[in-house]
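Dear colleague,

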Amino acid sequence: MTTELLIWLIPLPPVLAFFLIVLLTNKNKALSHTIAVGAALLSWLGSMIVFVQALGVEHLGEHPLGGEPINWLPLGESVDTYFKIGVLVDPLSAVTLFFVAWTVLMIFLYSVGYHNFGQPVGDHDHPGLPPHGATVEEHGHQRSSPVGKHVVPSIEPMYSRFFAFIGLFAFGMFVLVLSDNLLTLFVGWEIMGLCSYLLIGFWYAKPSARDAAIKAFITTRIGDVFMLLGIAYLYSATGTLSFREIFTEGILHTLATVPSGVLGLSAAGLIGLLLFIGTIGKSAQFPLHVWLPDAMEGPTPVSAMIHAATMVSAGVYMVIRMFPLISLDPTTMAVVAFIGAFTALFAATIAVAQNDIKRVLAYSTISQLGFMIAALGIGAYVAAVFHLVTHAFFKALLFLGSGSVIHGMEHGVLHTGNHKVDPQDMFNMGGLRRKMPITFWTFLIGGFALSGFPIITAGFWSKDEILADAFGHGHTAVFVTLAVAAFLTAFYTMRQITLTFLGEARTKEAEHAQETPWTMTLPLVILAFFAVTYGWVGIPEHFPALGGLVPNWFHEFVGGTLAEHPEAVEFSVWPLLTSLFVALGGLTFGWLVYRNVNSAAEDRLQIPVLKNKYYFDEIYDRVFVKPAYWFAEAVIYKFMDQSVIDGILHIFGPVTDRLGSAIRNYFDLPVINRFFGDGSANVTYWFGGKLRAVQTGRIQQYLMLALVVFIGIGAALYFFLLA
Amino acid sequence: MVPLSWYLIFAAALFSIGLFGVLSRRNAVAILLGIELMLNSVNINLAAFWRYGDVLQMTGQVFAIIVFAVAAAEVAVGLALVISVYRRRNTVVADEINMMKW
C-alpha cells in the first residue's frame, strides 16, 4: 500500500465503527467496544506507519507526503474546474498525528474500564444517567448461604452509544489533522463540535449536563461563524483554500498588501483575526472560555478527549497551521499574543480556587492553551507546537488520572452508601496515594509535567522554550505574564496533588477508595511515559550540561514546516532561572500551604471572585442570555407574534369566513349542488330507467346486438374512410 | 407454396362457424365449443402471418401459445360454471339462465 493511500485511510476505521455500532451492534456491548477499540488501533497503526515514513523524508516541509489532491466539488465556473481536496502530512501534521493517535487509542481503552465493563447491570440505572451501582450477594464458603449484600459499580446503560460517539469524534480529529485545505479541516472541526455536544450531554437526564452541552455548542458556534467568514473571505480573495497554494510567496504577498477596508487591517490580518476567533471558541480562550469548565459534566474520557487530545488542540492546531498567514499582520499577532497571555494568567487564577478535581484541570487547560496561543503570537512557532504536543500527553494523563480518582472515590461512596458525598470534591479525598498507587504515581508525573518540574518532565522543556522565546524576542510583558501564570500553575497543581493524594483520608469514602482496573491504569502508565520522555526530543542545544547530548530534533523537524526555517532563540540564563523558580517555587509553596488544610473552610484562597470565575457566567447571563430571553418574550412573542402576526391573521379569519359563506350561498348550493350535482344524477336515473329494457339477461341476444353494432360500425368506417 | 389468402379464408370460415354456433346454440356447452372455434381461427391467422412475414420474429408463435393457454383456462372456468349452474338449476340452456336479469 502506498503511503498516500494509507494517509487517506487513517480516518476511516473510527467512522466505520460509528456506523457499525449505531446500526448493528448497539445491543452487544462487548462487540461494540471491540469494534471501537479495534478501529482506534487500526488508525493508530496507520498513523504510526505514516509517522515513521514521514521521519524518513528529507526536507519534509518542502515535500510533504500526501500526493495529488482529488477533484471533489465541481465549481460553476467552467466544466473542468473542481474544488480539490487532499491529504497532507508535513512535519506539523506528523507530530500532531503522533500524539492524536496515541491519546485517542489510550482514551478508547480507558473508556472500557471507566464505563464499568464486566460489571453487573445496575439496580435502578436509566439511560441518560450515570450508573448508580448494583447490589450483589456475597457468598461465604458454602455457596448456598449468602453472608450479605454489597454494592458494586454497575455498567453504563448506554455503553455502546458512548463508543459510537467517540469513534465519530476521533474521525473528526483525524480528518482535521490530515486535511490539506481549510474546508475539510472545517468539516472535521464541525464534526467534533457536534460530537462534543453529544458527549457532554451524554448523561442527558441530568439537567446540568444538558445545559452544559447546549452552552458548549452555542459558545463554540460563535467562534465557528467567524471562522467560516474568514474561510469565505480567504476563498474569495485567493480562489483557493489549499494549504499548499495559500502558503506560497505570491499569494501571501498579495494578502499582506491588499487592504481589507476594516479597521485598517490588511486582508491577511482580517482573515487571520477571523480564523483566530474560531480558535478562541474552540480552544476556550478568553472571552469564549466559559463553556469548557461546564463541559466537565460529560464522562471523564470525554473530558480528556475534548480537553487534551482533540477538540481544544484542534483550535490551536488551526492557528499554528495558518501561522504563515496570521504572522503577516503585526496587529493580528499582537491580538493573538494578548489573548493568549491574558487567558493563561486569568484561567490560572480561577483554577486556584476550584474544589472540583476536574474543574481545576479544565481551567488549567484553558491556561495552558493560552500559553500556546501566546507563544504563537510572539512568533515562537516551534515552541507552540512543542507545548501543544507535550500538553496533549500530560493533560490527557491528568484527566484520565482524575477520572480514575473519581472512579475510586465512587467505589468508596457505593461502599458506604452515603450518596451526599461528592466524589469529585478534592476536600473529600486525601490519602489516596496508598489506596491507588498507580493512579497516584502517574498523576504525580502528569502534575509535575504540567507544573514544568525541571529537567525530567516534558512540560518543563516546552514551557521553558516558550518563556525563552518571549524573553529572547523582547516581549517582556508576555514573559512576565506567562511566568506568573506558570507559578500559579505549579501552585494549584501541587494543591490538587496534596489535597487528593497526600495526608490522611478526610472521609470514610476516601478510606474505601479502590484502585481501578487495568484498562484504566495501563493508559495512564503509557501516557505517563510520554509525559516524561517527549520533552527530551526538544532540548535546546545550548542548554547547560544537557544541551547537545540529544540533538534538538523537534526544532529541526517542526521548524521545517515553515518556508523560512525559524532560528532557535539565543540561550539566556534568565528565562531558565525564571522557569526553575516558578516551577519549584510554586510546587513547594502549594505543598506548604495545603498540607495542613483539611476543609474548604480553612482554605484562605476561596475568594468569592475567584470561586465564581470572575462572575463571567453571571455577566454573560445579564448581558446576553437575559436580554435574549427578554427580546424573545417581549419583542418577538408579545409584540411581533401576538400583536402583529396574530393581528393580521385575525383580520384574515372573519374576511375569509364572510367570503366563504357568500360563495356557499350564491354559488355552491344553487349552481354546483342543485344544477350539476342533482341534475346529472337525475338525468342518469331517467336514462338508466329507459335503457334497462335492453338488459334481457339472454347472453345470445347481447352477442347478437354486439355483432350487429360491430358490423354497423365496420360498414360506416368502410364507407367513410375507404370509399 | 399455398398463398396466404387461403389460410385467411379458412380462418374466416372457421370463425364464422364458431360465431354462428355461439349465437344460435342454446346449450351452454355448445356455446363454449363455438368460442373455442373462434379462438382457434385466430390462432391460424397468427401462425399464417408469422410464416408469411418475418420468420425470425417469434411474435406470432408466442401469441398463439398464449391464446392456447388462455383458451384452456377459459374452458376450465366455463365448464366449471356450467356444472355449477346445472347442479342448482338442472339445466344448461343459456336462455333459462337469467337470474342476473333486471
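Two packed helices are described by the angle between their axes and the distance between the axes. The crossing in which α17(A) passes α19(A) is left-handed.

Which residues make this contact? On the side of α17(A) they are A:Thr390, A:Phe394, A:Leu397, A:Leu398, A:Gly401, A:Ser404, A:Val405 and A:Gly408, while α19(A) brings A:Thr439, A:Thr442, A:Phe443, A:Gly446, A:Gly447, A:Ala449 and A:Leu450. Sorted by class, the contact between α17(A) and α19(A) has 7 nonpolar and 8 polar residues, and no charged ones.

Turning to chain A as a whole, you will find that its secondary structure comes to 28 helices and 4 strands. The radius of gyration of chain A is 34 Å, which is well over the 27 Å that the globule rule gives for 723 residues, so chain A is more spread out than a compact globule. Along its principal axes, the C-alpha trace of chain A spans about 120 × 80 × 60 Å. The domain assignment of chain A gives domain 1, at residues 330–611, and domain 2, at residues 620–709, and the centres of these two domains, taken over C-alpha atoms, are separated by 72 Å.

The C-alpha atoms of chain B fill a box of roughly 50 × 25 × 25 Å along the principal axes.

How many residues does each chain bring to the contact between them? Chain A gives 9 residues and chain B gives 8 residues; by class, the side of chain A that touches chain B has 3 nonpolar, 4 polar and 2 charged residues.

Finally, a word on confidence. The mean pLDDT of chain B is 89, and 97% of its residues reach 70 or more, while the model scores ipTM 0.73 and pTM 0.75. Where pLDDT is low, the predicted coordinates should not be read in detail.

Conventions
Residues are numbered from 1 along each chain as its sequence is written. Chains are lettered from A and ligands numbered from 1 in the order in which they are written. This is a predicted model: local features need pLDDT of at least 70, side-chain atom pairs count only at pLDDT 80 or more; totals for chains, interfaces and linings use all residues. Domain bounds come from an automatic or database domain assignment. Two residues are in contact if their C-beta atoms, placed from the backbone, lie within 7 Å. Ala, Val, Leu, Ile, Met, Phe, Trp, Tyr, Cys and Pro count as nonpolar, Asp, Glu, Lys and Arg as charged, and the others, Gly among them, as polar. A crossing is left-handed if the near helix is turned anticlockwise from the far one by less than a right angle, and right-handed if clockwise. Helices (H or I, at least four residues) and strands (E, at least two) are DSSP runs, numbered from the N terminus. pLDDT is the predictor's confidence in each residue, from 0 to 100. The radius of gyration is taken over C-alpha atoms; the globule rule is 2.2 Å times the number of residues to the power 0.38.
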